Amino acid sequence: MYRVQCIQIDTSFSGEMRYDHFRTKLLENARRPAIVNVNIGTTVKGAIDDLDEIINTLENCGFRDRFYIHCDGALAGLMLPFIKQAPKITFIKPIGSISVSGHKLLGCPTPCGVVINRLKDIDVLKSTNIEYIASNDVTISGSRNGQSPMFLWCKLKSMGYKGIRREIEACLRNARISAFMNSQSIIVVFEKPKDDVFVQKWQLACAGNAAHVVVMPHVSFEMLGIFVEELAEKRYALLQDKEFSIPCVAMDIGQENCLYKLHENIRSSL
């Protein structure tokens with residue numbers, strides 16, 4: 001859309017940005033300003049990039065006052081303010097914008113999102129007054145669903161700060177199962193089940209050899225118990241097949257979290 005060159009930055013097994021690679025790419029493009037997308041909860045693993053480290057890297061590489069940072073907080077952006085010891089995403093820091101989703105954690109029935117920008121950037125985009133809506137329009141689509149902000153306002157007002165915090169704390173507790181999970185995240189990553197019917201039944205999102213479960217407010221501890229029992233049964237049945245080989249997920253969740261070297265031990269102990 002903007003005809004701007006996109007440069008991908010490598011990530012660690014957790015899904016977090018590799019800051020050494022980020023620094024290398026900045027130095028390779030030192031003559032140009034930088035637009036940086038900071039992930040506040042990646043799609044598959046829920047990884048959160050270190051905003052302070054990114055800002056320090058930009059400044060140390062000579063990009064002071066020559067960068068724009070957008071924080072993509074689709075899911076985790078609404079969670080972090082309610083979690084103690086969580087990293088702070090604030091406009092006190094030199095970020096340009098942040099976006100969050102309204103249909104995920106808050107459960108808005110219509111897919112929607114909220115983008116917060118600095119006023120100086122919005123002023124640049126202001127169009128002429130649109131007579132039939134009696135306001136300036138700066139959206140790409142030219143119109144918006146008015147029901148979504150009403151739902152979000154009512155949801156936030158009815159639950160309050162303490163109510164939302166209780167829901168998030170419950171999600172974090174329920175997500176603590178024996179699998180890989182980033183800190184401050186409710187996304188649990190584990191080995192992709194081989195039974196397609198099981199995957200479809202639980203609507204698991206899969207990528208490569210890994211799958212994940214997002215422990216949202218509607219996901220109860222009892223529901224997770226049923227899921228884990230069924231998952232264990234399916235996995236046990238597969239392990240009875242001597243020709244079956246458990247996939248290695250070291251590239252997905254890190255070698256220290258992968259049981260590839262213990263496969264034979266696991267199979268012989270069952």
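In this predicted model, the axes of helix α1 and helix α2, the latter spanning residues 51–60, come within 10 Å and cross at roughly 30°. Because angles under 35 degrees count as roughly parallel, α1 and α2 are described as roughly parallel to each other. The crossing of these two helices, α1 and α2, is right-handed. On the α1 side the contact is formed by Tyr-19, Phe-22, Arg-23 and Leu-26, and these residues meet Glu-53, Ile-54, Thr-57, Leu-58 and Asn-60 of α2. Sorted by class, the residues in the contact of α1 with α2 comprise 5 that are nonpolar, 2 that are polar and 2 that are charged.

Helices and strands both contribute to the lining of the largest pocket, with at least two residues supplied by each of the helices α1 (19–28), α3 (119–125) and α4 (147–174) and by each of the strands β1 (34–39), β2 (67–72), β4 (113–117) and β6 (135–136). Among the contributors, β1 gives the most to this lining, with 5 residues. In terms of residue class, the lining of the largest pocket is made up of 23 nonpolar, 18 polar and 7 charged residues.

Methods
Residues are numbered from 1 along each chain as its sequence is written. This is a predicted model: local features need pLDDT of at least 70, side-chain atom pairs count only at pLDDT 80 or more; totals for chains, interfaces and linings use all residues. Side-chain values use heavy atoms; hydrogens and water are left out. Helices (H or I, at least four residues) and strands (E, at least two) are DSSP runs, numbered from the N terminus. Ala, Val, Leu, Ile, Met, Phe, Trp, Tyr, Cys and Pro count as nonpolar, Asp, Glu, Lys and Arg as charged, and the others, Gly among them, as polar. Axes are lines fitted to C-alpha atoms, for helices over the stretch in contact, and angles run from 0 to 180 degrees between N-to-C directions. Angles under 35 degrees count as roughly parallel, over 145 as roughly antiparallel, 65 to 115 as roughly perpendicular and the rest as oblique. A crossing is left-handed if the near helix is turned anticlockwise from the far one by less than a right angle, and right-handed if clockwise. Contact means heavy atoms within 4.5 Å.
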